[in-house]
Amino acid sequence: MRDRVSSLMDASTIYLMVTLTLSVLPLPQTALGGRAQRKQRQAEETLRPYFGRVEPEKLCELLKCHSPVGSWCQVVSENGIPQPKCVCPQSCPRQREPVCSVLGKTYGNECLLHKEACRKRRRIGLAHMGACLVSKSECTEEELGQFPFRLLDWFLLLNRMGKSYVPAALPQSCLSYAQRTQLAQERFSLLDKNKDGKLSRRDLKKLQYKRMPMEHCAEPFFKSCDRNKNRKVTLKEWTNCLVDRSEDWFYHFMSVKMGSPKLCIKGRQEKQP
């Protein structure tokens, strides 16, 4: 019994060590061509010393698939040794275990998601288990007007999470125009994965279905930000949409401008030492 407990503890310790190793391991600087393949080889080689010492299913949880594009990790047998490997599924089981992609499409199971991703040769991220959540409520004109203020408020909360606690932190309504613009620009930079200075419908769908699937005003709001209808949202369009429209709504609702001393002078005084 003691040997079994010791063995389990050793396996858990090794698994933790692998997790920490992968989280801090730097990726080599490589040329654009073959970068995904090189990343994949390095990721697999990093796990190789743990084959036979850690359950392959556990190692699969740690292996991020870069190549083939759209693949997922499965346990395969090579030379009689079960090991994790990124593969494209050729066939999928029939059992229904629905999953939702970050693009808002429901698949019968995760295998089918990766099968389509491999066929299209593009990465399709998993948003959550279960069918995609779709709000049945319609976004009213009043709700759509308020949405940019709520969205910017959420971005402010995300920005403060993980940082040192600041007593009496100012609410969004007390931030300056420059501070709110900076907040919108920082979030734009995080969403713009390919750094082309534009948010595509795909980028915005990922935000919607992965972070706020039940937000019924998200889609009409993002569409309204695309002023020239080219299916892209530029930084200027994004800032105008979020910052200027949230200000317009707030003034209409409160009859006071955001950052007004009437609202914020007390909070600023409390913040001062």
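Helix α5 (residues 141-160) packs against helix α9 (residues 235-254) at an angle of about 110°, and their axes are 8 Å apart. This is a predicted model, in which local features need pLDDT of at least 70 and side-chain atom pairs count only at pLDDT 80 or more, while totals for chains, interfaces and linings use all residues. Residues are numbered from 1 along each chain as its sequence is written, and side-chain values use heavy atoms, with hydrogens and water left out. Helices are DSSP runs of H or I with at least four residues, strands are runs of E with at least two, and both are numbered from the N terminus. Axes are lines fitted to C-alpha atoms, for helices over the stretch in contact, and angles run from 0 to 180 degrees between N-to-C directions.

The two helices α5 and α9 are therefore roughly perpendicular to each other, a term for angles of 65 to 115 degrees. On the α5 side, Gly145, Gln146, Pro148, Phe149, Leu151, Leu152 and Phe155 meet α9 residues Trp238, Cys241, Leu242, Val243, Arg245, Ser246, Trp249 and Phe250. Contact means heavy atoms within 4.5 Å. The residues of this contact comprise eleven nonpolar, three polar and one charged; Ala, Val, Leu, Ile, Met, Phe, Trp, Tyr, Cys and Pro count as nonpolar, Asp, Glu, Lys and Arg as charged, and the others, Gly among them, as polar.

Elsewhere, Val102 sits in the loop between β3 (99-101) and β4 (106-107). Val102 is buried, with a relative accessible area of 5%; buried means under 20% (1.4 Å probe, protein chains only). Beyond neighbours within four places in sequence, Val102 is in contact with Gly125, Leu126, Ala127, Lys205, Lys206, Tyr209 and Lys210.

Terms used:
Buried < 20%, exposed > 50% of the residue type's maximum accessible area, 1.4 Å probe, protein only. Parallel < 35°, antiparallel > 145°, perpendicular 65-115°, else oblique.
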